[in-house]
Amino acid sequence: MKIKKYWIQGIITLAFLALLITSCEKDDSCIDPTTPNLVIEFYDYNDSENLKSIDNLNIIYLSTGDTLHYENTDRVEIPLNVNDDLCSLKFIKDTEADIVSFNYQRENVFVSKACGYKTLFHNLSVNIENIDYWIKNIEIINQEIVNDTSAHVKIFH
Amino acid sequence: MLKYFIKILPIILSINLSAQQQDSLKINSDTIFSHKHQPVKIRFGFDIGKYVWAQLNDSESYDFYVDANFYKNYYLIFIAGYEDHLKESSLLTYHTTGNYYKIGIDYNIYENWLDMDNDITIGVRYAYAGFDYLLNNYRINQPGAVITPEINEVNEYFENLNAQWFDFTAKIQAETFKNVYLGYAVSLKYLISYSHPEDFAVLYIPGFFERNSYSNFGFGMQYFISYRLKF
């Protein structure tokens with residue numbers, strides 16, 4: 001068997017380079033932002049510029065009964081329902097409960113191979129027929145939910 | 001896809017024909033060497049590894065090649081393939097359907113003893129693939145979702161996509177039975193261009209394999225079986 005020495009050396013170098021290149025590649029993992037959450041901030045109804053935190057807050061999804069629990073917070077991030085254009089939530093402060101329904105138009109957008117698809121929410125509106133207890137007013141600051149950096153909704157109590 | 005095949009085929013055939021003429025001229029000067037009279041070697045091969053793996057994964061893959069020894073240790077190789085590849089994951093399920101063609105030159109670095117006809121070759125190929133995606137369904141990516149995102153059946157087509165790349169391949173083939181060869185190849189691939197479909201991305205390329213979103217490099221391995229014709 002005769003193979004000139006430089007061929008073997010060349011192949012080994014190439015194989016080593018190939019291994020190096022493919023193993024040092026950035027992993028195809030999801031690093032882009034995906035579906036944003038609804039951001040709600042709680043304000044003082046009597047002093048509307050100031051945040052007012054809630055000691056004991058439970059948020060229940062009316063369609064499934066799942067509950068999110070928060071303690072001593074003035075800001076919450078809520079994952080909306082991506083299967084429908086509606087998300088009805090019961091906000092329970094200590095023992096008082098108010099029901100708020102959010103309506104929106106969903107847009108499914110392709111992100112990347114590793115991340116798949118995300119949902120953006122447009123034309124956010126809120127149904128405030130059943131806020132008789134602790135919630136005094138609700139204001140929509142941003143109708144477009146495309147990221148969760150700043151608040152979309154203010155709740156005054 | 002058929003039109004591409006028709007365009008490339010006459011070019012390949014004409015190269016093969018002219019190569020044969022060159023070889024017959026060389027035979028006289030070649031008698032100085034201890035090689036026997038070398039008939040024109042043409043080999044047909046089939047990638048059996050890919051075929052079997054695809055069958056086991058709800059996919060189809062047919063990869064054929066033809067190579068001809070046109071000058072001393074140089075081979076001209078032409079590869080054509082068809083794939084219907086299913087990719088299923090928790091986020092996306094889609095089919096890739098398409099053809100690919102590669103043309104290249106391989107150099108044999110192995111010198112056979114007497115009657116043996118094995119090779120170890122290294123080569124470069126230029127490859128072109130034309131393909132479509134059928135996006136069957138997807139599930140929205142919502143970290144921390146309380147209401148589980150449902151699977152959206154969309155069955156959306158992304159058509160007329162293409163990609164081009166270079167393949168650097170090292171291949172080893174051994175003659176097992178008379179005129180039947182078994183081979184193994186490894187390739188380092190480098191993408192030079194690809195389509196940018198609206199609202200989607202190039203994820204899998206027939207003939208190239210999975211595409212890493214952050215790199216143009218790819219890697220492949222093949223197990224193939226081939227048969228040689230002598231003229």
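Q: Before we start, what does "buried" mean here?
A: A residue is called buried when its relative accessible area is under 20%, exposed when that value is over 50%, and partly exposed in between. Please keep in mind that this is a predicted model.

Q: OK, so are F158(B) and F200(B) buried or exposed?
A: F158(B) and F200(B) are both buried.

Q: And how are their rings arranged?
A: The ring centres of F158(B) and F200(B) lie 4.4 Å apart and the planes are at 5°, so this pair counts as stacked. The two residues are 42 apart and link distant parts of the chain, with F158(B) in strand β6 of chain B and F200(B) in the loop between β7 (180–194) and β8 (204–205) of chain B.

Q: What about W165(B) and F208(B), how do they pair?
A: W165(B) and F208(B) form an edge-to-face aromatic pair, with 5.4 Å from centre to centre and 80° between the planes. This pair also links distant parts of the chain, since W165(B) sits in strand β6 of chain B while F208(B), 43 residues away, is in the loop between β8 and β9 (209–210) of chain B. Both W165(B) and F208(B) are buried.

Q: How many aromatic pairs are there over all chains?
A: The count comes to 22 aromatic pairs over all chains. Ring pairs also join F110(A), Y117(A), Y94(B), F131(B), Y133(B), Y138(B), F158(B) and F200(B) into a cluster.

Q: Switching to the interface, how many residues of chain B are in contact with chain A?
A: On the chain B side there are 36 residues in contact with 37 residues of chain A. The area buried between the two chains is about 3400 Å², and carbon and sulfur atoms give 63% of that area.

Q: Which three residues of chain B supply more of that area than any other three?
A: They are V146(B), I147(B) and Y214(B), which supply 21% of the area that chain B buries against chain A.

Q: Tell me about V146(B): where is it found, and what does it touch?
A: V146(B) lies in the loop between β5 (119–139) and β6 (151–177) of chain B. Leaving aside residues up to four places away in sequence, V146(B) touches Y61(A), D66(A), L68(A) and P79(A). With a relative accessible area of 18%, V146(B) is buried, and its C-alpha atom is separated by 54 Å from that of I122(B), which is 24 residues apart from it along the chain.

Q: Which side chains meet in a salt bridge?
A: Across the interface of chain B and chain A there is 1 salt bridge, in which the side chains of E210(B) and K113(A) meet at 2.9 Å, N to O. Between the two chains there are also 9 residue pairs in polar contact, counting pairs with both residues at pLDDT 80 or more.

Q: Which strand gives the largest share of the side of chain B that touches chain A?
A: The largest share, 4 residues, comes from β5(B). By class, that side of chain B has 23 nonpolar, 8 polar and 5 charged residues.

Q: Last topic: which residue in a loop of chain A has a positive phi although it is not a glycine?
A: D94(A), which is not a glycine, has a positive phi of about 55°. D94(A) is found in the loop between β6 (86–93) and β7 (96–112) of chain A, and it is partly exposed, with a relative accessible area of 45%.

Q: And N160(B), is that buried or exposed?
A: N160(B) is exposed, with a relative accessible area of 61%. N160(B) is found in strand β6 of chain B, and it has a positive phi of about 55° although it is not a glycine.

Key:
Residues numbered from 1 in each chain as written. Chains lettered and ligands numbered in written order. Predicted model: local features only at pLDDT ≥ 70, side-chain atom pairs only at ≥ 80, totals over all residues. Heavy atoms only, no water. Buried < 20%, exposed > 50% of the residue type's maximum accessible area, 1.4 Å probe, protein only. Contact = heavy atoms within 4.5 Å. Buried area = accessible area lost by both parts, 1.4 Å probe. Salt bridge = Lys/Arg side-chain N within 4 Å of Asp/Glu carboxyl O. Polar contact = N/O pair within 3.5 Å; in protein donor to acceptor, adjacent residues only side chain to side chain. Nonpolar A, V, L, I, M, F, W, Y, C, P; charged D, E, K, R; others polar. Phe/Tyr/Trp six-rings, centres within 6.5 Å; stacked < 30°, edge-to-face > 60°.
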